[in-house]
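Let's take a walk through a protein chain, one piece at a time. Keep the picture open while you read.

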Amino acid sequence: MRTNFSLAQLADPALGKAEKNLRACIHCGICTATCPTYVLLGDERDSPRGRIVMMQKMLEEGGAPSPETVFHVDRCLSCLACRTACPSSVDYSRLVDTARVHIETHYRRPRAERLLRKFIAEVLTRPNRTRAAVSLAQKFSGVAKRLPGRLGAMARKGASLNLRKPSIMRPVGNPSKRVALMPGCVQAAMAPEIDEAASRVLARRGVALQPLESAGCCGALPYHLGEVSAAKMWARRAIEAFEESGCDGVLISATGCGAHLKDYAHLLADEPQWAARAKNFSEKVQDFSQLATPHEAKPPRRLRVAYQIACSLQHGVRLSGQGEALISAAGHEVLQIPEGHLCCGSAGSYSLLQPDLSSQLRARKLSNIASLACDAAVSGNIGCISHLAGEDAPPIIHLAELIDWSEGGPEPVALAKPPR
């Protein structure tokens, strides 16, 4: 693809990398079949190829982007299925992240949209603030049930949440490995039982989890909103906490967050005092499915499990087989979800910012899951789980919860509910 950046523009490292990716694109269109928004809408502007054309024009011209460009870039999920499919190895994630930073810097959004994005960046990144918001929703649950649209859905979800703090299980005897557990943000408030289950599973394997109390959000939420400064702040905080812990590795039990942790080396590459430390940190990050080696188990009952492989796992860090091996070893039947490469519509804050498209993708995913007549669906990502869960869905649980229950742990709450 031909580009027209000036030499002054190419002196900017971010634009220099973007230009290389733009030149690598041959406009073959293979990516379009893997793009959830293009599959839904059939609009070239909502495909990776179409967005690349708009992003190139925006970055080359500089200044304020057009509302049309912002509209279609915003509708990208960053699922990265296009990156997996691309025969030219175009790193679309770098392009769209650069575009989002440009938009955040040069475009003024409507007031209501700015407030919503501020809420996501300032409240959902901090468990205590999330808990306060949930407590408020619970206190006024009668009003929450009558609120319209996405606001009502958020309030009703908050009113139903359990606000326990997790208790981490320590392995008996001397552990063979000590792994730092990132506390996360939304999951810590919404589903602390996931980290409890992960700690029990890993304790049986001689792995001790050490919570990084001084760390916080991984920074993915602000980063994908184009707020790089906030994302870097969270990254530095996590790296410092890990270095002080003396642990052998890093775990966060949400694959979306884990993919972002693996990207710290890129995020801080332009900061000499942090680049090497960020690279070391990223290399120590492991997914739960990597740490929890398969163990044969006799579960209370054998389930037919639809395995929802999060986009962050299959297209981000590109790990897919480990989860299936864990489920099979635990005594369950693994079912492949049709169109498994298509995003469920959660995509971090996407379900809040693009509720219509997100709901359509959720319905499509649940329809594909329903075709399997499964007993439960399993994912390693809190975003997929919370987005897909509902009265119209089968029980949806975290991978760690399924493995823990199969090995003698408590039954996941979703499985304990009577069948529909």
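## Before we go on

This is a predicted model, where local features need pLDDT of at least 70 and side-chain atom pairs count only at pLDDT 80 or more, while totals for chains, interfaces and linings use all residues. Residues are numbered from 1 along each chain as its sequence is written, and side-chain values use heavy atoms, with hydrogens and water left out.

Helices (H or I, at least four residues) and strands (E, at least two) are DSSP runs, numbered from the N terminus. Two strands pair if DSSP finds at least two bridges between them.

(Axes are lines fitted to C-alpha atoms, for helices over the stretch in contact, and angles run from 0 to 180 degrees between N-to-C directions.)

Now look at strand 5's two partners. Towards strand 6, Ala-306 has Leu-335 as its bridge partner. Towards strand 7, the pairing is parallel over four bridges, and Gln-308 stands opposite Ser-379. Is strand 5 enclosed or open? Four of its five residues are buried (under 20% relative accessible area; exposed is over 50% and partly exposed is in between, with a 1.4 Å probe and protein chains only), so strand 5 is largely enclosed by the rest of the structure.

Contact means heavy atoms within 4.5 Å. Eight of the eight residues in helix 25 are buried, including Glu-401, Asp-404 and Trp-405. After the helix comes Gly-408, whose phi is positive, near 110°.

In soluble globular proteins, nonpolar side chains tend to be buried together. A nonpolar core is a set of buried Ala, Val, Leu, Ile, Met, Phe, Trp, Tyr and Cys residues joined through side-chain atoms within 4.5 Å. The largest one here has 30 residues, and Leu-399, Leu-402 and Val-378 are among those with the most contacts inside it. Its suppliers of at least two residues include strand 1 (177–181), helix 13 (193–203) and strand 2 (207–211). Helix 25 gives the largest share, five residues.

Click on Leu-399: leaving out residues up to four places away in sequence, its contacts include Phe-288, Tyr-307 and Val-378. A second, separate core of 29 residues includes Ala-231, Phe-242, Trp-274 and Val-285.

Strand 3 (residues 249–251) pairs with strand 4 over two bridges, and Leu-251 has Gln-286 as its bridge partner.

Two packed helices are described by the angle between their axes and the distance between the axes. Helix 15 (residues 228–245) and helix 18 (residues 272–284) pack at about 70°, with axes 10 Å apart. That makes helix 15 roughly perpendicular to helix 18. (Angles under 35 degrees count as roughly parallel, over 145 as roughly antiparallel, 65 to 115 as roughly perpendicular and the rest as oblique.)

Among the residues that meet are Ile-239 and Phe-242 from helix 15, and Trp-274 and Phe-281 from helix 18.
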